[in-house]
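This briefing is written to be read alongside the model.

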Amino acid sequence: KPHVDRDVMATISTALVAPEFIEICYKSRADSRAETRTVYPLGILSGPRSYLVAKTRTDWNGPERKYRLDGIVTAKLTGEPLRSEIRFDLEAYSKRGFGAYSSEPEHTEIVWKFAPGEPAARAKEFVFHATQVFEPQSDGSLIVRFKASGLLEMCWFLYPWGDKVEVLAPRALADMVRGYQ
């Protein structure tokens, strides 16, 4: 898991409790230059890669943005408190994606079928997604359904299962893993 600076995390934690804006120096993976941004932190998504979910001052009415915590070079409190109420449900937000990744255009029903026997038994031990539903089949296989986005993240997760899992939906995900089992 990528390293996250302790001082950055301490500043974010303070801002979440305060609540107040923070100024971050952020270096995205797509751009080698670091940029300074003033954001209002809404929460942290933890996983193999962890993210700060925030509103930007320059796009307050726009969507929430995610910043990889390991991409935040520095963070400092601005002393500027939030002046209006903001309604944000981190749990509902996190359920839209797989892992820490989400993409609204990709959000769709996901259906996986695990092979009978040990693969199906192992799959029953996993929490793939907060909205998952298990459907045991008469042949001993197991179907898992949930709604989410993040097809590439799902691919990385599915590869170790090899040919013991079949993607039934969506077709785009099935095409992505075909031939790599």
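This is a predicted model: local features need pLDDT of at least 70, side-chain atom pairs count only at pLDDT 80 or more; totals for chains, interfaces and linings use all residues.

Residues are numbered from 1 along each chain as its sequence is written, and side-chain values use heavy atoms, with hydrogens and water left out.

**Overall fold**

- The protein chain has five helices and nine strands; these are DSSP runs numbered from the N terminus, with helices (H or I) of at least four residues and strands (E) of at least two.
- Along the sequence the pattern reads α-β-β-β-β-β-α-β-α-β-β-α-β-α.
- Taken along the principal axes, the C-alpha atoms fill a box of roughly 60 × 35 × 25 Å.

**Cavities and pockets**

- On a 1 Å grid over the protein atoms alone, a cavity is a set of points where a 1.4 Å probe fits but cannot get out, and a pocket is an open set with protein on both sides within 12 Å along at least five of seven lines; lining residues have an atom within 4 Å of a point.
- Grid points are joined across faces, edges and corners, and a volume is the space filled by probe spheres set on the points.
- Two cavities of 30 Å³ or more are found in a search of the whole structure, and the largest cavity has a volume of about 60 Å³.
- The lining of the largest cavity includes Leu158, Tyr159, Val165, Glu166 and Val167, and strand E9 (residues 165-169) gives the largest share, three residues.
- By class, this lining has six nonpolar, two polar and one charged residues, where Ala, Val, Leu, Ile, Met, Phe, Trp, Tyr, Cys and Pro count as nonpolar, Asp, Glu, Lys and Arg as charged, and the others, Gly among them, as polar.
- The second largest pocket has a volume of about 280 Å³, and among its lining residues are Arg65, Lys66, Asp89, Arg96 and Glu104.
- Strand E4 (65-68) and helix H2 (90-94) each supply at least two residues of that pocket lining, which by class has four nonpolar, two polar and six charged residues.

**Surface**

- Leu152, Trp156 and Met176 make a nonpolar surface patch of about 330 Å² (residues with over 30% relative accessible area and no salt bridge, nonpolar side chains being joined within 5 Å; areas by the Shrake-Rupley method with a 1.4 Å probe).

**Cis peptide bonds**

- Most peptide bonds are trans.
- Alanine 18 and proline 19 are joined by a cis peptide bond with omega about -25°; proline 19 is in the loop between helix H1 (6-17) and strand E1 (20-27).
- Another cis peptide bond, with omega about 0°, joins alanine 169 and proline 170, and proline 170 lies in the loop between E9 and helix H5 (171-177).

**Side-chain contacts**

- The count of aromatic pairs is 21 (rings of Phe, Tyr and Trp, the last by its six-membered ring, with centres within 6.5 Å; planes under 30 degrees apart are stacked, over 60 edge-to-face and the rest tilted).
- The rings of phenylalanine 98 and phenylalanine 157 are edge-to-face, because their centres are 5.8 Å apart and their planes are at 65°.
- This pair links distant parts of the chain, 59 residues apart: phenylalanine 98 is in the loop between H2 and strand E6 (108-114), and phenylalanine 157 is in helix H4.
- The salt bridges number twelve (a side-chain nitrogen of Lys or Arg within 4 Å of a carboxyl oxygen of Asp or Glu).
- One of them joins the side chains of glutamate 80 and arginine 57 (2.1 Å, N to O).

Conventions
Patches are made of residues with over 30% relative accessible area and no salt bridge: like charges are joined within 9 Å, nonpolar side chains (Val, Leu, Ile, Met, Phe, Trp, Tyr) within 5 Å.
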